[in-house]
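Please examine the structure shown below.

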Amino acid sequence: MPLFMSLAAGLFVPLFVWGYHLKASGRPAPADVEVQLKKKRAPEFGPFGSIINPIGRPFASPVLGLITGPGKSRLRRRIDRAGRPAGLTLQGYAANKAGCVLVYGSVGALGMMAGQGLVGAVLLVIGLLQTDIVLWNLSRERQQEIQRQLPDFLDVLTVTVAAGLGFRHALARVAESMPGHLADEMQLALRQMELGTPLRSAFEELRQRNESESLASFVTAILQAEELGAPLARALTEISVDMRRDAFQYARRRAQRADPQITLIVTFLMLPAMMLLIVAMMWYGTDGSFGDVFG
C-alpha cells in the first residue's frame with residue numbers, strides 16, 4: 001500500500017506539468033476536443049432522434065417515393081410552418097418516419113409474439129403517427145408564439161418607422177432587437193429581398209409559410225399600403241391598433257375554449273375521485289357496513 005501511494009504521488013507530478021504545459025500553449029486537451037466535437041454535432045429531429053433517424057435513413061428514399069407531388073408540397077409547407085426544427089427536410093422527415101415505424105414496429109411485433117396484441121398494435125400506431133404529431137405540435141406552438149409576438153413587434157416597428165427610418169431598415173433593426181420566431185420569419189423575408197426577390201413576393205411567401213391570421217392581415221395591409229402609396233407610418237399605426245384588437249379577441253377565444261376543457265377535467269377526474277373518497281370514508285366509518293348509513 002505505501003508503495004502504491006508513492007507511485008500515485010510520483011505520477012501526479014508529471015501529469016500536472018503536462019496539463020500546465022497544454023494550458024500555457026493554448027492547445028486543447030483531448031477531453032476538450034471531444035467536448036467541442038459534441039457541441040458541433042447537429043441535433044436530431046424528434047424524440048430519440050439520435051437513435052431513430054440513423055436507423056431510418058437507409059429507407060428514407062423509398063418512403064419519399066410513396067408520397068405524391070402534391071403531398072410533398074403540403075409536407076414542405078408543414079415543415080416551414082414548424083420552422084424547420086433541427087434543420088428538418090423532406091429527406092429528414094422520411095428518415096424519422098421510417099425509423100419510428102421500424103423501432104416501434106419491432107417492439108410491437110415482439111409484444112404480439114409474447115401475447116400482448118393490444119400493446120403491439122398501440123406501438124405500431126405510435127410509430128406511424130409520432131413524426132406527424134411532433135411536427136404538428138411544433139408548428140402549433142410556433143404559430144401561437146408568432147400570434148403573441150406580433151402586437152409588440154408592430155408597436156416597435158411603428159415607432160421606428162415614425163422616427164424616420166426606412167421600412168426595410170426598420171424591419172431589420174426590430175427583428176434584431178426582438179429575437180423569436182416572428183423575427184426569424186421577418187429576417188428570412190429580408191434575406192429574400194436582398195437576393196432580388198420583390199417585396200410583394202417575399203411577403204406573400206411569408207403569409208403562405210404561416211397560419212397566423214394576424215400575420216396574414218399585417219402582410220395584406222402592408223401590400224395594400226405599398227400599392228396605393230399610403231403613408232407607411234400612418235398605415236403601421238392603424239395596423240398596430242387592429243393587431244391589438246385581434247390579440248384581445250384571440251385571447252378571449254382561447255379563454256372560451258378553455259372552459260369546456262376545465263369542465264371535462266373536473267367531470268372525469270376530480271368528481272370520480274371525490275366520490276371514491278366519500279365512499280371510502282363511509283366504508284371506514286361504518287366498519288364495512290353500509291346498513292348503518294341507510295338504516
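D155 touches S240 and R244, leaving out residues up to four places away in sequence; contact here means heavy atoms within 4.5 Å. This is a predicted model, in which local features need pLDDT of at least 70 and side-chain atom pairs count only at pLDDT 80 or more, while totals for chains, interfaces and linings use all residues. Residues are numbered from 1 along each chain as its sequence is written, and side-chain values use heavy atoms, with hydrogens and water left out.

- D155 lies in helix α7; helices (H or I, at least four residues) and strands (E, at least two) are DSSP runs, numbered from the N terminus.
- D155 counts as partly exposed because its relative accessibility is 26%; buried means under 20% relative accessible area, exposed over 50%, and partly exposed in between, with a 1.4 Å probe and protein chains only.
- D155 and R244 are 89 residues apart in sequence, and their C-alpha atoms are 9.4 Å apart in space.

**The chain as a whole**

- The secondary structure of the protein chain comprises 13 helices and zero strands.
- Of the 295 residues in the protein chain, 29% count as buried.
- Among contacts in the protein chain with a separation of 6 or more, 63% join residues 24 or more positions apart.
- The accessible surface of the protein chain is about 19100 Å², and 66% of this surface belongs to carbon and sulfur atoms; such areas come from the Shrake-Rupley method with a 1.4 Å probe, and for residues only the protein chains shown count as cover.

**Nonpolar cores**

- The largest nonpolar core has 28 residues, of which L157, L171, M186, F203, L215 and F218 touch the most other members. A nonpolar core is a set of buried Ala, Val, Leu, Ile, Met, Phe, Trp, Tyr and Cys residues joined through side-chain atoms within 4.5 Å.
- Two or more residues of this core come from each of α7, α8, α9, α10, α11 and α12.
- The greatest contribution to this core is that of α7, with six residues.
- Apart from this core lies another, of 15 residues, including A60, L64, L88 and A95.
- L171 touches F153, L157, M186, L190 and F203, not counting residues up to four places away in sequence.

**Helix α11**

- Which residues of α11 are buried? They are S214, L215, F218, V219, I222, L223 and A225.
- An α-helix has 3.6 residues a turn, so residues three or four places apart point the same way.
- The cover over the buried residues of α11 includes α7 (117-162), α8 (167-177), α9 (181-194), α10 (199-209) and α12 (232-285).
- Helix α11 (residues 213-228) has 16 residues, so at 1.5 Å a residue it should span 22 Å, which agrees with the 22 Å between its end C-alpha atoms. The expected span of a helix is 1.5 Å times one less than its number of residues.
- After α11 comes G229, with a positive phi near 75 degrees.

- Helix α5 has 13 residues and reaches 19 Å from its first C-alpha to its last, close to the 18 Å expected at 1.5 Å a residue.
- G71, L75, I79, D80 and R81 are buried in α5, and what covers the buried residues of this helix includes α6, α7, α9 and α10.
- α5 is followed by G83, whose phi is positive, near 80 degrees.
- R84 is placed in the loop between α5 (69-81) and α6 (90-113), and R84 has a positive phi near 50 degrees although it is a residue other than glycine.
- R84 is partly exposed, because its relative accessible area is 36%.

**Two further residues**

- E185 is in helix α9 and counts as buried because its relative accessibility is 3%.
- Leaving aside neighbours within four places in sequence, E185 is in contact with D80, R142, I146, L206, R209 and N210.
- A233 is found in helix α12 and counts as partly exposed because its relative accessibility is 29%.
- A233 touches T158, V161 and A162, not counting residues up to four places away in sequence.
- A233 and V161 are 72 residues apart in sequence, yet 5.9 Å apart in space, C-alpha to C-alpha.
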